[in-house]
Amino acid sequence: MTAVDEIKIGGLGASRKRVEDQRFIRGKGNYTDDIVLPGMLHMEILRSPLAHARIVSIDTSRAWQIPGVHLVLTGEMMATRNLAWMPTLSYDTQAVLATDKVRFQGQEVACVIADDPYIAKDACEAIDVEYEPLPPIVNPEQALADGAPVIRDDKEGQDSNVIYNWEVGDAAGTERAFAEADTISRLRLHYPRSHPSPIECCGSIADFNRATSKLTVYMTTQAPHIIRAAVALVAELPEHMIRIISPDIGGGFGNKVPVYPGYVCSILASILLERPVKWIEDKTGNLISTGFARDIYLDGELALRNDGKILGVRMHVDSDHGAFFSDAQPSKFKIGLLHSAFACYNIPAGRITARGTYTNKAPGGVAYRCSFRVTEAMFFQERMIQAAAQDLGMDQAAFRRINLVSDDQFPFRTPFGFLTDSGQYGKCLDVGLRAVGYEDFRKQQAEAKARGRLLGLGISTMTEPLGAGNSREYDILGIKMFDSADLKVHMTGKAILRTGAKTQGQGHETTWAQIVAHELGIPAEDVVVEEGDTDTAPFGMGTYASRSTPVAGAAVAMVSRKIRAKARKLAAHLLEVSEEDVEWELGRFYVRSAPDRGVTIQECAMAAYSNMPDGMEPGLENTAYYDPPNLTWPFAVYIVTVEVDPETGVWDVLNMVAVDDCGVRINPMIVEGQIMGGLTEAYAMANMQFITFDAEGNCVGSNYMDYLLPTAWETPGYELHSEVVTPSPHHPIGAKGIGECAAVGGPAAFVNAVMDAIADTGVRNIDMPLLPDRVWEAITKRHDVSGAPPVRSDD
Ligand code: CDP
């Protein structure tokens, strides 16, 4: 006998078909809204039509009279149970149901629980709320202006709209770098609000059983254990009596990490009524009130030597958080991991100052397919890099090559203190430039220009910190960021694996089994993967920030190794040799001196239940908690070529090349799917996804007629390259995260390409999305085009 063939059993590197798709493509998924419980009632939320107003009165009497209504909840009623406000994951407070004021359009004001959702909706319309309008604030400039109304006047001692001032870096060293610079390149940018917009909206079914005192909540959450802790703290229920079940999730992208008022209200309603209560958000409710991302302004400066060397970087950012500071991110970092900016460049000194403000908008700042503000960091970085190269009159690729960290510099301390683990940045850039035909394109571009056509090429080179924790630095509300895996190998060698992560379409059910196959030689098809039930899954921090592979995936490898260690003892017993004489090859232990004498992992599993040595605990199962020593640092080069129509401002993608190095790829097909999805989101952000606010604080883009998501029709084709592989030196199987890279690094490539095409106009920036009218305005008026709110609501 010899080792099993790893690819045949679906181990590392196998492009195994996604097992979850068996049910998804047959319409057999089990989403929160599919669940029906006996006696279940339905909840609807009444939302504020105004962005800022004092509540004069709320009269619910007409709603109570509607047949089929069981309960009408208001902030006043919540307050009697100390539930009108809840803590956020960023140490702020957030209104569950408004009591004193409404602070954004779409804020939750009251809830109705009724026999069906239609009665509940009608009853919401029968609630009479009298508002006294207040001046709305829709950007940080207005929030910081003298005499601006204080949005959070509920907070003691809060006499302005500033949430925090935060800084990182070396102030003195940066000053010196700027004093020594030949040239200083400056850029002001706004990364607009965007919305993750998963297909499935948020929702929950709370089911409180008075007889057992147990609360079960089915809900759309990316982090079930964090929700359980939050419910225990907010509702003051004992943790062991709370079971959070996150069934199939129709996309998350960060939108399903925060705790939303709807969850809290459905739980309270179920406790009061002692019946299951279902709340499912509608699309507009999801778009205007949950999980916005970005909305951040940059003043960026690079200190440059004329030979192209970057000496220092200075960034000031103003972040618009909306009415409540509820970013779901490691608590210590007010502005997430924005300070990962310039991590792939060798820059001696840098400083970031960050200021957060309240505005009359829904809470923002979720990590929309990124590792906590890394999307903003990489976008700013790559836009600043392009502007700096232009200011120096240098070639884009050559300028990057001078400043990228070289292979022999790892582990590399970044300008803002991270330690990047590994990479081959120059090689990735070479692959990308060759693939896009860089030199030829530049010639074509010059020829086209002579005929009045505008061609452009944009590059984005970036590394991203993926996999929070380590627990030394990363915690959420004091809970350390690690993750877990629990593996039970049954008597017949089939297994069940559970982790503290939670897939939302990324394919964990497929890839985790591949790691077990790689470590134990058990075919992937013999391993079933379960996530999302706090009663059965080991404690974990959930899935966001592409942390699953770096942390939970590592835990899967580690728990498999624990199982292998016990299986080795069983093998020695079965082979009647000492453990030291036993060797391992994939799927099999054998006697070193007689390789033909061996036992399979399946035979060891059987022995664990039927023939274990004296004194050995029966069974073959274990749990591993993994606290990563560092983040993983994938690297990517994205290069786009475009043609801009000078008559209309419309731009088309001619070619897009993506070179991603995410270390060892568990499932190359799934990795490619992740990259394509991320590039499509990047394209959407750069080209069409437009959700903003008018001067009254009305959300513009609150439906899919206005907020355009790309379909297969608009989406360009991509050329993906996988030839550069730099295994993470500290991850047990050398894998780095990939889920977000393309959404993080992609937008700058598209914008840089359009800016390159219109470089002759002298325009330095057009804010995303680069809608045709903005591009046309830039070309014809030859000035920068800002996208910051307020916009005219008839735009
Ligand atoms: O945390 P999340 O699952 O969103 O992101 P991820 O860890 O980057 O993984 C996304 C998907 O790609 C998962 O199914 C991973 O197992 C898979 N993946 C892979 O096959 N190889 C890698 N090196 C990284 C991720």
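Is Asp21 buried or partly exposed, and what is its relative accessible area? With a relative accessible area of 21%, Asp21 is partly exposed; that class lies between buried, under 20% relative accessible area, and exposed, over 50% (1.4 Å probe, protein chains only). Its partner is Arg18, and the closest N and O atoms of this salt bridge are 2.9 Å apart. The term salt bridge here stands for a side-chain nitrogen of Lys or Arg within 4 Å of a carboxyl oxygen of Asp or Glu.

Before we go on, a word on the model: it is predicted, so local features need pLDDT of at least 70, side-chain atom pairs count only at pLDDT 80 or more, and totals for chains, interfaces and linings use all residues. Residues are numbered from 1 along each chain as its sequence is written, and side-chain values use heavy atoms, with hydrogens and water left out.

Now let us follow the chain further. Glu175 forms a salt bridge with Arg314, with 3.1 Å between the closest N and O atoms. Because Glu175 sits in helix 6 (residues 171-180) and Arg314 in strand 16 (residues 310-320), the pair ties together parts that are 139 residues apart in sequence. Helices (H or I, at least four residues) and strands (E, at least two) are DSSP runs, numbered from the N terminus. Glu175 itself is partly exposed, at 42% relative accessibility.

Another salt bridge joins Arg186 to Glu301 (2.7 Å, N to O). This pair links distant parts of the chain, strand 10 (residues 183-194) and strand 15 (residues 293-304), 115 residues apart. Arg186 is partly exposed at 48%, whereas Glu301 is buried at 17%.
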